[in-house]
Amino acid sequence: MSKPNDSASLLETRGLHVDFGRHHVLREINLQIPRGQTLAVIGESGCGKTVLLKTLIGLIRPSRGQVLFDGRDLAEMDEQELNQQRIRYGFVFQQAALFDSMTVARNVGFPLSQHSDKREDEIRQAVAERLAEVGLPESVMNKKPAELSGGMRKRVGLARALIMSPEVMLYDEPTTGLDPIMSDVINELIVRTRQRNPVTGIVVTHDMNTAKKVADRIVMLYPLSRLRREEPQVIFDGSARDLERTDDPRVSQFVNGEAGERLSEMQDIVAGAGS
Amino acid sequence: MSASAQSPNLPVPRSRSSRAMNTMADVVAALGGLVLDQVAALGDVTIFMLRTFRWLVTRAPRKGTLLPSFYQIGVLSLPVVALTGTFIGMVLAEQSYAQFRFFRLETRLGGVINVSLLRELGPVLAATMLAGRVGSAMAAELGTMRVTEQIDALASMGANPIHYLVVPRFLGCLLLIPTLTIMADFMGVIGGALYSTLRLGIDSHHYWENSKRVLGAFDLFQGVFKSFFFGAAIALISCHRGFHCDPGAEGVGRAATSAFVYSFVTILVLDLQLGIVLNAVYYYLWPEGSAML
């Protein structure tokens, strides 16, 4: 059944389940992401954040439920149509996922070469502009990804994701593996991207600084292995300020980065398996 | 009195026959699981093949993706295929000579060497070299792309990975393996002839005359025809292994190894099946051919 704010939601999940064989990763996820909103999805490793992100762009098919993009179910689109819709997305991968057989210029210009009639020099011009936006000089254009530092690769990945001026930006742990200064540079770029264009963003992260700085809404997922059958997997949905005030110990444990009893739990599991 | 009644905390000892039954059940379950896995894998490869065929006919690949694949598969494979072809021709001559000499039929060596090369060894050898040199490399390259999310990145940018990555490799293998086969045939024929005439001292005129009498265009056709199937199988199996690579360096290594093993086994199975079919066609079209051989 349609909900009142359906028209405002660019992305929506309805009763989303994702299983890999017998391993359940996502259960009954219902999210509505309005146009222009930047949503941060936080949670500990293995809770299904990246799986959720890839499901939102159709890289992983739901086991049950729906992913609606602009009101249309991704599962009902054929391959050609899905490819057309994906041009409206930009995806920044955790390790940048640059094509290592191509130069930076060809990496960033790849979507344009696939989906536009632009000439080679026009593509190169557009690439240079995008690289300048993320603070990279033209001299990197002829380099291969292996010659770049981690921060530079991330920024090249960001430039590539932005080249088609997408409506939705998906960021998979954009600051993981970077030093604190470069992490903040990436956060700043995410904020500026949103200021420049009316882009909807979903940022998967376990970096609380990122979540607080870039998002106007935060959702926290919890690993299914730690939940009872009737408990919802989304254990928090609110603003950064709500996050500070939450009285859910599971949320505050994550936000404050406290191990609690986790180590002894893990040791008990190992000891149990051994005996 | 039962054992459990005597000591309730101890596990009930099972009889030898029930243990044997359980072991047998485990073996049957393991075999069943293996068969199911193989059937599922075969279904998976078939779907992969159908998707490749669909993209092949719906949209032509770009020249920019086609040429590097053709260069890698065709041009760079030529020297190694030529070298192995030459050696296999010489080895055939060396190994067959003693038997033929015993029956004083040395001059017939040319016919046997050349028929073996054109019908079997040329295409199988070229396909084996392609599976080893190109198939493993394709599986490793695509496997690395899978592990480092480059295939996901491709899909996320609206480029279909099958169309962009598999179709050019498939076309490269399909269209260039005949040239590799002809190269292996040619170099094998030359190698066998040079070894027979220069090293074994067989009369050149009789060597070639006997070859000409036994050899026909159908022998060349048979080898080249089979090679199309070998090329298609190598490309599909290797790309499929790469696309379904397990994470990590170990997964990539396993994908490369399994690409070669599965390709090689498939080449041999196809060789037998196609050999049977083509021989039936040959004897149907030229019934006198059987008497000649």
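These notes walk through a predicted model with chains A and B.

1. **Where the chains meet.** Start at the interface. Here 18 residues of chain A are in contact with 11 residues of chain B. On the chain B side, five of the residues are polar, four are nonpolar and two are charged.

2. **The core.** Next, look at the largest nonpolar core, which holds 138 residues. Which members touch the most others? They are Leu170(A), Leu130(B) and Cys173(B). Helix α5 of chain B, residues 109-147, gives the most to this core, with 19 residues. In soluble globular proteins, nonpolar side chains tend to be buried together.

3. **Around Cys173(B).** Set aside the neighbours within four places in sequence. Cys173(B) is then in contact with Ile73(B) and Leu130(B), and also with Gly231(B), Ala232(B), Ile234(B) and Ala235(B).

4. **Strands β1 and β4 of chain A.** Now turn to chain A. Strand β1 (residues 9-20) and strand β4 (residues 64-69) run antiparallel, joined by five bridges. To find the pairing by eye, pick Thr13(A): Val67(A) in β4(A) stands opposite.

5. **Strands β4 and β5 of chain A.** Strand β4(A) also pairs with strand β5, residues 72-73 of chain A. These two run antiparallel as well, with two bridges between them. Leu68(A) faces Asp73(A) of β5(A) across the pair.

6. **The hairpin turn.** How many residues lie between the strands in the hairpin of β4(A) and β5(A)? There are two.

Notes: Residues numbered from 1 in each chain as written. Chains lettered and ligands numbered in written order. Predicted model: local features only at pLDDT ≥ 70, side-chain atom pairs only at ≥ 80, totals over all residues. Contact = placed C-beta atoms within 7 Å. Nonpolar A, V, L, I, M, F, W, Y, C, P; charged D, E, K, R; others polar. Core = buried A, V, L, I, M, F, W, Y, C linked by C-beta atoms within 7 Å. Buried ≥ 20, exposed ≤ 12 C-beta atoms within 10 Å, placed from the backbone. Helix = DSSP H or I, 4+ residues; strand = E, 2+ residues; numbered from the N terminus. Pairing = 2+ DSSP bridges.
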